[in-house]
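My notes follow in the order I made them.

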Amino acid sequence: MRPDPVPSPLFIRNRSKLAKAMAPGSVALIPSGDAKIRSGDQFYPYRQHSNFFYLTGINQEETLFVFFPDHPDPDLREMLFIRKATPKSELWTGPMPGPEEVQRLSGIAQVRWLEEKEAVLQVLLRDVTRVYCDQDLAGPDSLARFRKLAEVDRMPLAPLVERFRMVKEPEEIEEIRKAVSITRSAFYEVLEKVTPGVWEYQLEAEIIGSFIRNGAAGHAYDPIIASGKNALILHYVKNSSQCTDGALLLMDFGAEVNNYAADCSRTIPVNGRFSRRQREVYEAVCRIFHQARGMMVPGTMLAEFHQQVGALWEEEHMALGLYTREDTKVKSGQDPPWKDYYMHGTSHSLGLDVHDPFDRSRPFEPGMILTCEPAIYIPEEQTGIRLESNILITGEGPVDLMEDIPLEAEEIEALMNRKN
């Protein structure tokens, strides 16, 4: 069963936050995302622009949100202009949400047809001192023909919206929890299918099947199903190789629920048993993961966090025999040797986008959700191991939303070798 829509009070609060950040006498013009042409007359599956959804809760294309929070007429403070269904459109693509449903989903009382847009904007723009808009206004169906727009201060909207998106509201945390739960189910299902000889794309199919069966829209991002040396490619998405006996399999995947993402990485042995060396390296990643997760508390700075994790890795790398203490005495301007085996960041923000907007000058705050994803990549051993979970920052300490997705080597092996 598909999850229920996100309750409209979330979007009402989101608009209230934006209203307080906008300049007096300003208006925000926020078009929905466009349908993207795949080829010829075929389109990619539609996905709403994240900022538009954050403010309206509407997944419909060809929609315009006009936000003028301090206009003297309450009916002109927030308006959604939507496309009117026609007999032809309903024949080919089915019924579309009408004004009443859009009002219910968004909490916006003024829902009008797109045909009314130009007349309303002609009136509205007389009182405007500043326009917030991220989209190009020069297109054939743009707002550029409104001469008034050339006479006002135009500012980007994204910086205002995205600073609020960094801290999640309770409803957003709940949607991410739903995405995490579906991701967990998929991991358990795919564990039963991993065996020497299976193809990476077959495992990808098992994951997407589990996602859809459990109500997700699908993948939140292109999944990485990387066996053996493929795990050394950080964004490997071909998923075209056969999994071989004795290799490790790195899987990076996450479900999307109501546009909110989960982001999970786990690394498992294809044959169900880690070799002695694989286990040695894997347990080093586990130790770093637990230490890094514990650092994710309010006040932590993202860049400093990563450097601290790098220092931890330096000790683990030496214990694994990858380099010596003497090798760590690098000259000024050179990268430390741990970066040869750990090339990406330890964390990123998560929300409506798998890499949600984040201001690196802002410390961690309660309500933020970030990943914790230490990893090691050893080309000479054709080994790549990444462990990634989604962490909710709270005043009482980090909450691992993926704590019940198996991570320890013993549990992974036990699950892969249990008798059906």
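Is Cys 133 buried or exposed? I found Cys 133 buried, at a relative accessible area of 3%; buried means under 20% relative accessible area, exposed over 50%, and partly exposed in between, with a 1.4 Å probe and protein chains only.

Note on the source. The model is predicted, so I kept in mind that local features need pLDDT of at least 70 and side-chain atom pairs count only at pLDDT 80 or more, while totals for chains, interfaces and linings use all residues. Residues are numbered from 1 along each chain as its sequence is written, and side-chain values use heavy atoms, with hydrogens and water left out.

Entry: cysteines. I searched the whole structure for disulfides and got 0, taking a disulfide as a pair of cysteine sulfur atoms within 2.5 Å. Cys 264 is in no disulfide, and its nearest cysteine sulfur, that of Cys 372, is 12 Å away. Cys 264 has 0% relative accessibility and so counts as buried.

Entry: the whole protein. I counted 11 helices and 19 strands; these are DSSP runs numbered from the N terminus, helices being H or I of at least four residues and strands E of at least two. The C-alpha atoms fill a box of roughly 75 × 55 × 40 Å along the principal axes. Of the 420 residues, 51% count as buried. For contacts (heavy atoms within 4.5 Å), I took residues at least 6 apart in sequence, and 69% of those contacts join residues at least 24 apart.

Entry: α9 and α10. How do these two helices pack? I read an angle of about 150 degrees between α9 (residues 276-294) and α10 (residues 302-319), with the axes 10 Å apart. Axes are lines fitted to C-alpha atoms, for helices over the stretch in contact, and angles run from 0 to 180 degrees between N-to-C directions. The pair is therefore roughly antiparallel; the classes are under 35 degrees for roughly parallel, over 145 for roughly antiparallel, 65 to 115 for roughly perpendicular, and oblique for the rest. On the α9 side I listed Ala 284, Val 285, Arg 287, Ile 288, Gln 291 and Ala 292, which meet Phe 305, Val 309, Leu 312, Trp 313 and Glu 316 of α10. By class, this contact has 8 nonpolar, 1 polar and 2 charged residues. Here Ala, Val, Leu, Ile, Met, Phe, Trp, Tyr, Cys and Pro count as nonpolar, Asp, Glu, Lys and Arg as charged, and the others, Gly among them, as polar.

Entry: α7 and α11. Helix α7 (residues 170-191) packs on α11 (residues 409-416) at about 60 degrees, with axes 9 Å apart. That makes α7 oblique to α11. I noted Phe 187, Tyr 188 and Leu 191 of α7 against Glu 411, Ile 412, Leu 415 and Met 416 of α11. This contact has 6 nonpolar, no polar and 1 charged residues.

Entry: two single residues. Where does Asn 259 lie? I placed Asn 259 in the loop between β12 (255-257) and β13 (260-261), and Asn 259 is buried at 8% relative accessible area. Leaving out residues up to four places away in sequence, Asn 259 touches Arg 47, Gln 48, Phe 53, Asn 59, Gly 351 and Leu 352.

Glu 90 lies in α3 (residues 87-93) and, at 40% relative accessibility, counts as partly exposed.
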